[in-house]
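Biologist: Please take me through one part of this model up close. Keep it brisk, and then show me what lies around it.

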Amino acid sequence: MEEYILADGFKIPKVGFGTVGLKGNDGARRIEMALNNGFRLLDSAYNYENEGTVGRAVRNSSVPRDQITVTSKLPGRYHEYEAAMQTIEESVLRTGLDYIDLYLIHWPNPKEDQYVEAWQALVDAQKAGLVRSIGVSNFLPEYIERLEKETGVLPVINQIELHPYFNQEKQRAFDTSKEIITQAWSPLGRSNSALDEDVIAEIAQNHGKTAAQVVLRWEVQLGILPIPKSTHAGRQAENFNIFDFELSAEEIDKINALSREEGRNKGQDPAEYQEF
Ligand code: A2P
């Protein structure tokens, strides 16, 4: 398993498994399947309403707990310090695990202007041992700079929308300058047609791989951590199997060239869009 090293010293797999929409017993079975297919990083969120499902899969799995990185995220409606603390505790309780490995602020909600308070709760929850590593999601550079200035603590992860149509070059450069690993949500760009692009099909053919594998490999070679979701065992295995080939610099450039200024799938600009 190839890993990135986070700024806090912990290691994290270079690819993770997205779980949004996987709920209940069927969801738990599919997440367990993902563990059987090799995934060791599970993404989740309080608002996905499946922290219990993820916890069940981890507890049922034959993979040792300490080899799995469990992620969850703080919803926008609980940014106030006390509420945030209680929500983090509630997240841990829901998983049925002793701690959560990676906890993120789900959206900055800048108009509410409470994300610094929320961050302080994550910092304190980390000190209390409730969560191991702390980070953010959908944070623009100015928000991260504010966290650093007002709390002295930087996130180790920033999880953002990222796919071939929106490759986030500037945000990634900023994240890297702060030793923050960029995670990609919607890494396959399935709700657009990035996987159907001819240039990706050609590269896939050159390597005897699928379009999805080429896109995930492109992300890993750029230092990004994609978290593809799939309900199907075959596609889960496909998405994990991206470490036995290498894209050339030219191929990477060709995929980079697909990115567009307005490439977000649903226009969810974190400066405007808020989620609670
Ligand atoms: P499914 O669960 O039926 O496998 P995105 O990363 O852009 O959010 O895309 C996620 C969607 O892409 C999922 O709904 C999933 O559908 C589909 N998907 C996941 N892996 C693959 C793959 N290897 N090839 C094609 N589609 C995939």
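Biologist: In helix H3, what separates Arg94 and Glu90?

Modeller: About one helical turn separates them, because Arg94 and Glu90 are four residues apart in helix H3. Keep in mind that this is a predicted model. The two side chains form a salt bridge. Their closest N and O atoms are 3.4 Å apart. The cut-off for such a pair is 4 Å, so the Arg94–Glu90 pair counts. In total, the model has 15 salt bridges.

Now step back to the whole helix. H3 covers residues 81-95. It lies across three strands: E4 (69-74), E5 (100-105) and E6 (131-137). Its direction makes an angle of about 140 degrees with E5.

Those strands belong to an open sheet of seven. Read across, the order is E3-E4-E5-E6-E7-E8-E9, and the pairing is parallel. Strand E3 (41-42) and strand E9 (225-226) stand at the edges. Each has a single partner strand, so one side of each has no neighbour in the sheet. What holds neighbouring strands together? Strands of a sheet pair through backbone hydrogen bonds.

E7 (residues 157-161) runs parallel to E8 (residues 181-185), and five bridges link them. Within this pair, Ile160 stands opposite Ala184 of E8.

Next comes the ligand. In Thr231, an N or O atom of the side chain is 2.8 Å from a ligand oxygen. In Asn239, such an atom is 2.9 Å from a ligand nitrogen. Ser186 also takes part: a polar atom of its side chain lies 3.1 Å from a ligand oxygen. How much of the ligand does the protein bury? Taken alone, the ligand exposes 570 Å², and the protein buries 80% of that.

How values were computed: Residues numbered from 1 in each chain as written. Predicted model: local features only at pLDDT ≥ 70, side-chain atom pairs only at ≥ 80, totals over all residues. Heavy atoms only, no water. Pairing = 2+ DSSP bridges. Helix = DSSP H or I, 4+ residues; strand = E, 2+ residues; numbered from the N terminus. Contact = heavy atoms within 4.5 Å. Axes fitted to C-alpha atoms, helices over the stretch in contact; angles between N-to-C directions. Polar contact = N/O pair within 3.5 Å; in protein donor to acceptor, adjacent residues only side chain to side chain. Areas by Shrake-Rupley, 256 points an atom, 1.4 Å probe, with all protein chains shown as cover.
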